[in-house]
Amino acid sequence: MFRVPECIPLFPLPNLVFFPKTYLPLHVFEPRYQEMVADAVLHGHCIGMTLLKEGWEENYRGSPPIFSMGCVGRLVSIQEFPDGRSNILLQGVERYEICQELGGKSYRRAHIALRPQPPGPELDRTIRADLVRVLEEFLNHPDEGHVWQGFFPLEGSDEILINTLSANLDFTPLERQFLLEAESIYQQARRLSDLLQFKRHEREGTRGWG
């Protein structure tokens, strides 16, 4: 089993929320994050993705406020360039919560505690069917399911399905953070369904005003 260190580097971004069981390609170009990747290769192969809070622009080069819950990414591949930049691929391992931030590096680091969602029964078939129905309505392709079903693992585990939808549908960063912080997959599925229905009605309402 892959072991996540108790202390990991943090990679705060303003518009990205990472989820377990998903993959994230990133282009790393800032010197401090080039150092972060080099250190991660040597010590644990883990990077903690976290979302910057509103107002981060005022202190981006320092330590702007971040959400305490994020997702640990396992560094599964790296493509290095001669000038120090790199393309990396992260595999979402598990949610984490920041216990204490640490200094001593050009990038941010923290002691963390993993926060896996508690195991529970599989989602009821009715809930999955309702979620797929809402998804169809949201994407506005109820008769062309074959077009988008290839992009989402509808036959996979509940966790993979819900996290893949949470990561890839058109949500704001704060909405994705709301999904990430759900106490269970069941709660995350309900939040996902509610968000999709709200956005569909919002879209239809906007069109109505036109």
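Two residues are in contact here when they have heavy atoms within 4.5 Å of each other. This tour runs through a predicted model, where local features need pLDDT of at least 70, side-chain atom pairs count only at pLDDT 80 or more, and totals for chains, interfaces and linings use all residues. Residues are numbered from 1 along each chain as its sequence is written, and side-chain values use heavy atoms, with hydrogens and water left out.

**Stop 1: Phe-171**

Select Phe-171. Leaving aside residues up to four places away in sequence, Phe-171 touches Leu-165, Ser-166, Arg-176, Leu-179, Leu-192, Leu-195, Leu-196 and Lys-199.

Now widen the selection to the nonpolar core. Such a core is a set of buried Ala, Val, Leu, Ile, Met, Phe, Trp, Tyr and Cys residues joined through side-chain atoms within 4.5 Å. Buried means under 20% relative accessible area, exposed means over 50%, and partly exposed lies in between (1.4 Å probe, protein chains only). The largest nonpolar core has 22 residues. Those with the most contacts inside it are Ile-162, Leu-165, Leu-169, Phe-171, Leu-192 and Leu-196. Two or more residues come from each of α2, α4 (158-168), α5 and α6 (185-209). Helix α6 gives the most, with 5 residues. Apart from this core lies another, of 18 residues, among them Leu-13, Val-28, Cys-71 and Leu-90. In soluble globular proteins, nonpolar side chains tend to be buried together.

The element names follow DSSP runs, numbered from the N terminus: helices are H or I runs of at least four residues, and strands are E runs of at least two.

**Stop 2: helix α1**

Select residues 31-42. How far apart are the end C-alpha atoms of helix α1? They are 17 Å apart. The 12 residues, at 1.5 Å a residue, should span 16 Å, which agrees. (The expected span is 1.5 Å times one less than the number of residues.)

Next, colour the buried residues of α1: Arg-32, Tyr-33, Met-36, Val-37, Asp-39 and Ala-40. They lie on the same side of α1, because they cover an arc of only 165° around the axis. That arc is taken from the directions from the helix axis to the C-beta atoms. On the other side, Pro-31 and Leu-42 are exposed.

What do the buried residues of α1 pack against? Show β1 (7-13), β2 (23-28), β3 (46-51), β4 (69-80) and β5 (86-102).

**Stop 3: positive phi angles**

Step just past α1 to Gly-44, where phi is positive, about 100°. Then select His-45, in the loop between α1 and β3. Its phi is near 55°, a positive value in a residue other than glycine. His-45 is partly exposed, at 34% relative accessibility.

Jump to Lys-21, in the loop between β1 and β2. Lys-21 is another residue other than glycine with a positive phi, near 65°. Lys-21 is partly exposed, with a relative accessible area of 37%.

**Stop 4: Gln-117**

Select Gln-117, in the loop between β6 (108-114) and α2 (125-139). Is Gln-117 buried or exposed? At 17% relative accessibility, Gln-117 counts as buried.

Look for polar contacts: pairs of N or O atoms within 3.5 Å. Within protein, one atom must be able to donate a hydrogen and the other to accept it, and residues adjacent in sequence count only if both atoms are side-chain atoms. The side chain of Gln-117 makes a polar contact with the side chain of Gln-188 (3.2 Å). A polar atom of the Gln-117 side chain also lies 3.2 Å from the backbone oxygen of Ala-182.

**Stop 5: Phe-178**

Finish at Phe-178, in helix α5 (residues 173-180). Phe-178 is partly exposed, with a relative accessible area of 39%. Phe-178 and Gln-188 are 10 residues apart in sequence and 8.6 Å apart in space, C-alpha to C-alpha.
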